[in-house]
Amino acid sequence: MTSRLYRHLGKWLGVAGYMVQYGCIAHCTLEFVGDFVVCKGPSMEPTIFSEDIILTEHITPRFNRINRGDVIIARSPSNPRHHICKRVVALGGDKVKNGFHTHIVPKGHVWLEGDNNHNSTDSRSFGSVPAGLIRGRAVCRVWPLSELGALAPTPSWHVPR
């Protein structure tokens, strides 16, 4: 009776061990390689619509390889519990004209703007964003399936500054 109990217990512990291993692999992949993000709000329209699911990668921000025109996911500077999806318009050292004011983006910071200029809370509201708040770079849209495909680095209608 006890040998049978030990055999079943051993099988269950083996299954639990595999579950922990696969859970660790999944966690590391989602934390350090990439993940899926559901974008909410109209700030990136017409490039990304609310409820679109985007595949992001986390390697580019870790090696400071973010470029102008990249769509990124970052922790919101005004509310650290939320993430924002915006386009990188300027990098450290660049000058950005915002109305009548000209801002110089500090080194180690980026200037973020939504593609929907009339309905976006972005760097025009909260200023330049530390590059350390960037979580990932958007690679492609995976949902809805009718819009499956890579995201263009800069939309054709966007005028670079």
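**Exercise 1.** What percentage of residues 103-143 is helix, what percentage is strand, and how far apart are the end C-alpha atoms?

*Solution.* Before we start, note that this is a predicted model, where local features need pLDDT of at least 70, side-chain atom pairs count only at pLDDT 80 or more, and totals for chains, interfaces and linings use all residues. Residues are numbered from 1 along each chain as its sequence is written, and side-chain values use heavy atoms, leaving out hydrogens and water.

Step 1: helices (H or I, at least four residues) and strands (E, at least two) are DSSP runs, numbered from the N terminus. Step 2: residues 103-143 are 10% helix and 46% strand. Step 3: their end C-alpha atoms are 36 Å apart.

**Exercise 2.** Find where threonine 47 sits, and decide: is it buried or exposed?

*Solution.* Step 1: threonine 47 lies in the loop between strand 1 (34-38) and strand 2 (53-57). Step 2: buried means under 20% relative accessible area, exposed over 50%, and partly exposed in between (1.4 Å probe, protein chains only). Step 3: threonine 47 counts as buried because its relative accessibility is 13%.

**Exercise 3.** Which residues are the bridge partners of alanine 74?

*Solution.* Step 1: two strands pair if DSSP finds at least two bridges between them. Step 2: strand 3 (residues 71-75) pairs antiparallel with strand 4 (residues 83-91) over 5 bridges, and 3 bridges join strand 3 to strand 9 (residues 134-143), also antiparallel. Step 3: alanine 74 has isoleucine 84 as its partner in strand 4 and isoleucine 134 in strand 9. Well done!
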